[in-house]
Structure formats: C-alpha cells, structure tokens
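Please look over the structure shown here, and then read the short report that follows it.

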Amino acid sequence: MEIMIKKTFKQSLILVSLLAAGSVFFMEWKFPLNVMIGGILFLASLWVLSKVVKQFLGKPMGQMIIVGVSALKILVIFIMLIALAMLGIINVVGLMTGFVASLIVTLKEGFIAARQEA
C-alpha cells in the first residue's frame, strides 16, 4: 500500500502541475491556483487517511477513530474552502479539476495494485 500511495502522490503532483501550467495560458490566474489547491487538498486528505488507517486498523475502537478523523478532516477542508471564498480566491471549476485529476490517478493506481494482487 505504501508504494501505491507514493506512486499516486508523484503522478498526481505531476498531472496537477501540468494542468495548472497549461491553464495559465488560457484562463485567469485564479484557475491554475485553484487547480493546485484542489490537487493538494485531495492528496493531503489521502495522506491523512492512509496514516490513520495504517495506525488504527485492527485495533480496539479503530473504526471509530478512523471515522472521527475523517469527519475532522472534512471539517478542516470545509474551513479552508470558506477562508478561500472569503478572500475571493475560489474558483469551483479549478478546485474540482485538481481534485478530480488526483482522484483519477488514485483510481488508476488502485486498479493496478488490485490487479497485481489478484
């Protein structure tokens, strides 16, 4: 799992960087910034979830801790998005582009890892 996470991070950062760099020429400055923010938010969320699952899975009250940390993680993301909206920096399409790009890379790596184990 650790190798899959590292490959996902590397490929996601490359893809999100390329998307942001390419959109600099076609969009206003908020879009590429939000592509990067969306990708980084997704990767930070994935990193926290992988660390919590690795640490608490199989232990007493492990599921409750994982659910609690996931809820806290969503709250932090929500607060960050509110702060960005208050600063007037938010571009929803850019955020979702970075988020979905990272999600697609994660799904691809997950399918590859599942196929190798089968």
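## A buried serine and its helix pair

At a relative accessibility of 1%, serine 12 counts as buried, a word that stands for under 20% relative accessible area, with exposed meaning over 50% and partly exposed in between (1.4 Å probe, protein chains only). The model is predicted, and local features need pLDDT of at least 70, side-chain atom pairs count only at pLDDT 80 or more, while totals for chains, interfaces and linings use all residues. Residues are numbered from 1 along each chain as its sequence is written, and side-chain values use heavy atoms, with hydrogens and water left out.

Serine 12 lies in helix α1, where helices are DSSP runs of H or I with at least four residues, strands are runs of E with at least two, and both are numbered from the N terminus. Apart from its neighbours within four places in sequence, serine 12 is in contact with Leu43, Ser102 and Val105, contact meaning heavy atoms within 4.5 Å.

The axes of α1 and α4 come within 9 Å and cross at roughly 145°; these axes are lines fitted to C-alpha atoms over the stretch in contact, and angles run from 0 to 180 degrees between N-to-C directions. Among the residues that make this contact are Ser12 of α1 and both Ser102 and Val105 of α4.

| Helix | Residues |
|---|---|
| α1 | residues 2–23 |
| α4 | residues 92–117 |

The protein as a whole comes to four helices and zero strands, and buried residues make up 30% of its 118 residues. Along its principal axes, the C-alpha trace spans about 50 × 35 × 15 Å.
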